[in-house]
Amino acid sequence: MQIYWTKINNIIEETPEVKTYHVDCPEGLTWEEGAHIHLALEGFNAGDKPNRSLIRHMSISTLPHEASIGITTRIREQCSEFKANLRALEVGDEVAIFKIHSNVPLKREDKNVYLLSSGVGLATFRPLVLDYFDRADNVKQIHSLNIDSSRDFLFPDIFASAPDKKFTSQFVDNREDYYGEVKNLAEDRDGLFYVVGSDEFLKQNIAVLQEQGIKPEQIMLDKREQQLPEFLSRINGL
């Protein structure tokens, strides 16, 4: 396993609780849209075993042509050891990155694509939308639905409806409205539904989509292939 030690080159405060850390991209390193990476902080490998409290699996919110690896995360006042240590880092500090993998690349199957997320989950979808804007081949249109009660919406320059690009973006601030909209979107029995959020959020969305007749192969989750049965077995009737 290749571990890259790289420097933070920029820190952007997206909202009062959300920051994007941009780190230098090691030469030759590339990835697909919808990728995630392991981010580790200094000291994670100082002992006989990795200190897992200093390692997190994070989505990459940038594309390779943006020339840095962006990691967008919510850091609340009361947070984990990892988030507290991350918050203390400054431009020029080093972090370790390793194990890049993409579970949710943009499928180009001449279908409508629906991006369902909660809060900072938009970070996973930002590269998919940018890739679509750059090349819309074999995608009918994309609709993003995000639930965020804070009203501090992420990436407003990207997640804004653009009819000329066949892209629509929708934000709701409560679960009742959100799941009502999911049901409406699921009337498209041929659509592709990408879901990003907590495990509980994934399960709730899958249950709603299942009730509307959406099949497992139409649901994309940011999970490893071996993890998918845990979430999609119910939809298969197992």
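How many aromatic pairs does a search of the whole structure find? The search finds 10 such pairs, where rings of Phe, Tyr and Trp (its six-membered ring) pair if their centres lie within 6.5 Å. The model is predicted, so local features need pLDDT of at least 70 and side-chain atom pairs count only at pLDDT 80 or more, while totals for chains, interfaces and linings use all residues. Residues are numbered from 1 along each chain as its sequence is written, and side-chain values use heavy atoms, with hydrogens and water left out.

**View 1. Aromatic cluster of Tyr132, Phe133, Phe155, Phe159 and Phe167, linked by ring pairs.** A pair of aromatic rings is described by the distance of the centres and the angle of the planes. Planes under 30 degrees apart count as stacked, over 60 as edge-to-face and the rest as tilted. Tyr132 and Phe133 form a tilted pair, because their ring centres are 6.1 Å apart and their planes lie at 45 degrees. The pair of Phe155 and Phe159 is likewise tilted, with 6.5 Å from centre to centre and 35 degrees between the planes. Tyr132 is buried at a relative accessible area of 2%, whereas Phe133 is partly exposed at 26%; buried means under 20% relative accessible area, exposed over 50%, and partly exposed in between (1.4 Å probe, protein chains only). Phe155 and Phe159 are both buried.

**View 2. Charged side chains over the rings of Phe133 and Phe155.** A charge sits over a ring if NZ of Lys or CZ of Arg is within 6 Å of the ring centre and within 35 degrees of the ring normal. The charged end of Lys165 is placed over Phe133, 4.3 Å from the ring centre. Arg126 lies over the face of Phe155, at 5.6 Å from the centre of that ring.

View 3. Helices (H or I, at least four residues) and strands (E, at least two) are DSSP runs, numbered from the N terminus. Ser169 has a relative accessible area of 17% and is therefore buried. Its side chain reaches the backbone oxygen of Phe159 at 3.1 Å. Beyond its neighbours within four places in sequence, Ser169 is in contact (heavy atoms within 4.5 Å) with Ser144, Phe159, Ala160 and Ser161.

**View 4. The largest nonpolar core, with 24 residues.** A nonpolar core is a set of buried Ala, Val, Leu, Ile, Met, Phe, Trp, Tyr and Cys residues joined through side-chain atoms within 4.5 Å. Leu106, Val113, Leu115, Ile142, Phe159 and Tyr194 have the most contacts inside this core. At least two of the core residues come from each of β7 (111-118), α2 (122-134), β8 (139-147) and β10 (192-196). The largest share, 7 residues, is supplied by α2. A second, separate core of 21 residues includes Val172, Tyr179, Leu185 and Phe201.

**View 5. Helix α4 (residues 199-211) and the residue Gly213 that follows.** The expected span of a helix is 1.5 Å times one less than its number of residues. Buried residues in α4 are Phe201, Leu202, Asn205, Ile206, Ala207, Val208 and Leu209. Gly213, after the helix, has a positive phi near 90 degrees.

**View 6. Ile219 in strand β11 (residues 219-221).** Ile219 counts as buried, at 5% relative accessibility. The C-alpha atoms of Ile219 and Leu192 are 6.2 Å apart in space, although the two residues are 27 apart in sequence.

Note on methods: Polar contact = N/O pair within 3.5 Å; in protein donor to acceptor, adjacent residues only side chain to side chain.
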